[in-house]
Amino acid sequence: MKPQSAKNKGRILQQWIRDIILTLNKELTEKDVRSTPMGAPGEDVMLSEAAFKYVPFHIEAKNLARIAVYNYYEQPKTKSDVLVVMKANRKRPLAVLDAELFFKILRDLNDSKKD
């Protein structure tokens, strides 16, 4: 794959993340959630202070042809609401779940705080 094609794949994922955050959090605008230029240092999706209250994470996006975690994600008999917890030697455990589900959980959590 050419470097420009790889960067375009990454940019598309960053924009998808931006769009889903904006779709699920109507209070935010495109000024609050921005996809950063490819190769820029820091997070791939920049969040304003207001956006960080809804999504309190520093977002790094990787769009790769093959990621082994998908094999683990597809193992359970049910294919919905799967959570994969994995750990490498001398590394902290990581939790992986469907991105849309993750952002919906965050939205619901934030909505429940407003009540």
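I looked up the largest pocket first, in what is a predicted model, and its volume comes to about 1,200 Å³. A pocket here is an open set of points on a 1 Å grid over the protein atoms alone, with protein on both sides within 12 Å along at least five of seven lines, and lining residues have an atom within 4 Å of a point. The volume is the space filled by probe spheres set on the points, which are joined across faces, edges and corners.

I then noted that 26 residues line the largest pocket, and that Glu60, Lys62, Val96, Leu97 and Ala99 are the closest to its centre. The strand β4 gives the most to this lining, with four residues, where a strand is a DSSP run of E of at least two residues and a helix one of H or I of at least four. By class, the lining has 20 nonpolar, two polar and four charged residues; Ala, Val, Leu, Ile, Met, Phe, Trp, Tyr, Cys and Pro count as nonpolar, Asp, Glu, Lys and Arg as charged, and the others, Gly among them, as polar.

For the second largest pocket I recorded about 160 Å³ of space, with a lining that includes Met1, Glu60 and Lys62.

Last, I checked Thr78, which lies in the loop between α3 and β3. I found Thr78 partly exposed, because its relative accessible area is 46%, and partly exposed runs between buried, under 20%, and exposed, over 50%, with a 1.4 Å probe and protein chains only.

I kept in mind that residues are numbered from 1 along each chain as its sequence is written. Local features need pLDDT of at least 70 and side-chain atom pairs 80 or more, while totals for chains, interfaces and linings use all residues, and side-chain values use heavy atoms, leaving out hydrogens and water.

Terms used: 1 Å grid on protein atoms, 1.4 Å probe; cavity = no way out; pocket = protein on both sides within 12 Å on 5 of 7 lines; lining within 4 Å.
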